[in-house]
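Hi,

Here is the structure I promised to pass on to you.

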Amino acid sequence: MKTQKDVQLDTRLLDFIEEWKDKKGKEIMILHKVQEVYGFVPRAVAIEVSRMIDLPLAKIYGIITFYHIFKLKKPGKFKVSVCMGTACYLKGGNDLIAELESILGIGVNAVTEDGKFSIEIVRCVGCCGLAPVILVNGKTYGNLKKGDLPNILNEYREEPKN
Amino acid sequence: MIKQHVFVWDPTPSNSSAVYNYLVKKVNERDLGESIEVYRSTYIGLTSGTPIIRILPKNIIYTKFEQEDLGEIFESIVSDEVVDRFICEYDAKLAPVSERDKQSKQFKIVLRNVGYLDPESIEEYISRGGYKALEKAIFEMDPDRVIKEIKDSGLRGRGGGGFSTGLKWELTRKEPGAEKFVICNADEGDPGAYMDRAVLEGDPHTIVEGMAIGAYAVGCKEGFIYVRAEYPLAIERLEKAISDAKKYGLLGDNILGSEFSFNLELRWGAGAFVCGEETALMASIEGKRGNPKPRPPFPSQSGLWKKPSFINNVETWANIPPIVEKGSGWFSSIGVGRSKGTKVFAVTGKVKDPGLIEVPMGTTFREIVYDLCGGILDNKKFKAVQTGGPSGGVIPEKFIDMSVDYETLMSIGSMMGSGGLIVMDQSDCMVDVNKFYLQFSVDESCGKCAPCRIGGKQLLDLISKITDGKGDKKDIQKIKNISNAMQKASLCALGQTTPNPVLSAMHYFEEEYMEHISDKKCRTGKCSNLVQYMIIPEKCIGCTACALKCPVKCISGEKKKPHIIDQKFCIKCGECFNACKFNAIVRG
């Protein structure tokens with residue numbers, strides 16, 4: 001087994017843990033902060049957090065794997081989230097996923113080789129009036145058709161592929 | 001000159017809006033902060049793919065403008081003029097506040113302030129009568145009186161179950177013990193429902209006030225709002241609302257100088273649908289995995305950290321201040337039968353005018369779909385409406401004139417749910433929609449109890465078998481048996497209600513189900529394994545439109561001569577069907 005190196009936690013995280021240490025129900029809030037700072041939950045950080053708040057690592061992983069929001073893998077630089085709420089599903093969310101997969105050459109929950117894009121499915125983002133919807137790093141694109149996707153992705157590509 | 005209030009609504013749910021930023025920059029540049037105030041609004045009563053600007057007090061609404069038109073719009077605000085070409089026609093959904101408008105059929109209690117005030121300003125909330133109900137409760141009513149008032153009003157939980165709110169409060173109040181908790185369920189996870197988000201982002205103080213009243217009535221010193229992490233703006237605004245309320249002495253120790261003290265905190269959800277279930281939600285607030293617990297003991301006896309606790313959802317809380325202020329008699333005069341007050345619906349799917357509406361209980365689906373939401377998209381035929389999301393059921397056309405209230409919906413095999421109404425037209429396949437909901441429920445099952453974990457997966461496999469064209473008549477009975485077991489034996493409402501959409505669709509759309517099973521046909525073409533596209537040679541003029549569109553290049557033929565689809569390679573995407581202008585391609 002690989003040994004884990006000690007890591008120096010980000011000060012934003014340290015301050016947050018200090019503030020929340022004695023509050024009730026802190027575990028999920030601290031993990032949110034970890035993800036905000038690092039973009040996902042790195043194992044080394046989880047180990048350090050476990051030590052700091054005196055919670056077994058297994059419990060922390062129990063929480064991370066239970067909730068959809070926490071990621072164990074680093075996402076792409078641009079996270080493409082496809083909404084699969086009911087309205088988006090009815091209006092062709094599936095087609096958007098298939099098209100993204102074929103454009104980027106990766107499946108859902110995977111990252112492109114250059115680390116630039118990742119695709120994920122999200123639950124209703126709460127703008128059903130615009131269905132179908134995708135988000136790229138939080139920016140919303142609504143009323144989409146398959147043909148709109150290449151242009152959207154190109155906005156984020158510094159140099160076009162091929 | 002009267003101060004102009006400019007509300008900017010942007011379809012982008014994130015915190016950045018180019019329109020908002022532009023207007024704020026302009027106001028600052030010209031130093032007009034005294035006469036023009038710009039706000040980010042989250043709900044204006046309209047839904048659109050482009051930003052909307054609303055200017056009060058004149059109530060001018062602009063839509064369909066481009067970024068370069070903003071300069072002109074800004075100048076018109078400064079000079080108090082109107083730019084006619086961007087004006088939006090008065091819309092049925094923009095009913096006046098809190099007043100029943102016969103024409104619009106809306107009645108706003110929950111959404112009374114949303115879109116009419118700056119959600120980040122406690123002063124504005126107070127100036128519109130906010131926190132008056134809290135003051136009235138503390139100084140003019142004792143806790144029992146508040147509970148009686150809520151009980152008499154007939155208010156029932158708006159999260160789906162429809163349990164009497166007053167009764168829930170009373171049960172928790174009666175429990176012994178000094179430490180009790182009040183909780184707001186703001187983990188709106190039902191796909192297709194976003195009414196809570198509108199309230200949280202558009203009128204956060206109403207939740208704070210409602211919860212403070214609840215805490216006073218039941219005797220709690222501490223409360224939590226469990227809010228979805230996917231709603232960053234809601235979190236930001238709730239945090240501001242709580243800290244402002246503290247500054248004004250409306251939260252914290254000795255509220256308004258009385259003996260009553262109450263503290264409110266936020267806890268974030270993390271994307272688990274099951275956490276909308278109350279015992280799972282409490283586990284999640286405690287920082288654990290959101291697994292539900294068997295009942296009894298009920299949360300009113302042993303809830304959060306094993307203390308008596310009670311939960312209401314956002315919409316329920318938003319009803320509390322108006323009831324306390326105006327009295328139970330006023331509230332119970334609205335609505336029908338045992339369903340009092342109003343309900344907010346998020347109408348989505350195949351309607352012309354999707355959006356949020358608030359109507360008195362007892363309004364019919366026809367009024368909602370045709371009068372308030374403009375009817376079916378592209379003038380297609382209405383097929384069904386799904387209420388209650390993945391826990392509810394479908395309502396076929398024959399019930400379109402039925403009153404929308406708790407009892408009626410239950411009697412036809414659906415439920416009120418949180419208020420998502422998904423309208424389906426003739427091009428939606430019921431079996432396919434069922435598959436979608438089952439996938440959702442299977443994915444969201446926490447896995448703790450076997451009926452839900454295994455039953456859901458088995459149901460999904462059976463439905464997938466049917467949509468793949470391998471269905472057998474015996475499958476219907478199997479589905480019924482598994483559903484029965486799940487409804488009776490699952491630990492929480494998630495598992496108990498997972499079979500609902502399937503059962504109701506099998507009941508009302510039996511013919512369509514049997515078509516999939518016996519004839520291996522899907523009339524809508526949604527179940528791609530049951531579809532075959534063919535070209536009728538007599539009608540095909542050889543325009544090549546279909547061959548050009550085909551993503552797998554399996555359509556061949558010479559120009560101006562009939563084409564052929566190679567069935568071996570066809571992926572049944574339907575592109576050719578949509579591309580053909582001569583109706584030469586048939587789906588069978």
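Below is what I found, starting with how to read the model.

This is a predicted model, in which local features need pLDDT of at least 70 and side-chain atom pairs count only at pLDDT 80 or more, while totals for chains, interfaces and linings use all residues. Residues are numbered from 1 along each chain as its sequence is written, chains are lettered from A and ligands numbered from 1 in the order in which they are written, and side-chain values use heavy atoms, with hydrogens and water left out.

Let me begin with chain A. Its secondary structure comes to seven helices and four strands (helices are DSSP runs of H or I with at least four residues, strands are runs of E with at least two, both numbered from the N terminus). Read from the N terminus, the order is α-α-α-α-β-α-α-β-β-β-α. The C-alpha trace of chain A spans about 50 × 35 × 25 Å along its principal axes. Of the 162 residues in chain A, 52% are buried (under 20% relative accessible area with a 1.4 Å probe, protein chains only).

Next, the place where the two chains meet. The contact takes 35 residues from chain A and 56 residues from chain B, where contact means heavy atoms within 4.5 Å. Together the chains bury about 3500 Å², 61% of it on carbon and sulfur atoms; buried area is the accessible area (1.4 Å probe) that two parts lose on being put together, summed over both. On the chain A side, A:Lys24, A:Phe66 and A:Leu90 lose the most area to chain B, together 19% of what that side buries.

A:Lys24 also turns up in a salt bridge: its side chain meets that of B:Glu222 at 3.2 Å, N to O. On the chain A side, helix 2 (26-38), helix 4 (57-66) and helix 5 (86-90) are the elements that give two or more residues to the contact with chain B.

Helix 2 of chain A leads us to helix 10 (residues 278-285) of chain B. Seven of the eight residues of helix 10 are buried, among them B:Leu281, B:Met282 and B:Ile285. What covers them includes helix 2 of chain A together with strand 5 (181-186), strand 6 (222-227), strand 7 (263-268) and strand 8 (309-313) of chain B. Just after helix 10, B:Gly287 takes a positive phi of about 90°.

Finally, a contact inside chain B. Domain 2 (122-331) and domain 4 (430-518) are two of the domains given by the assignment for chain B, with bounds from an automatic or database domain assignment. Their centres, taken over C-alpha atoms, are 34 Å apart. Domain 2 and domain 4 of chain B bury about 900 Å² between them, 73% of it on carbon and sulfur atoms. In domain 2, B:Pro191, B:Phe273 and B:Pro292 lose the most area to domain 4, together 48% of what that side buries. The count of salt bridges between these two domains is zero.

Best wishes

Methods: Salt bridge = Lys/Arg side-chain N within 4 Å of Asp/Glu carboxyl O. Buried < 20%, exposed > 50% of the residue type's maximum accessible area, 1.4 Å probe, protein only.
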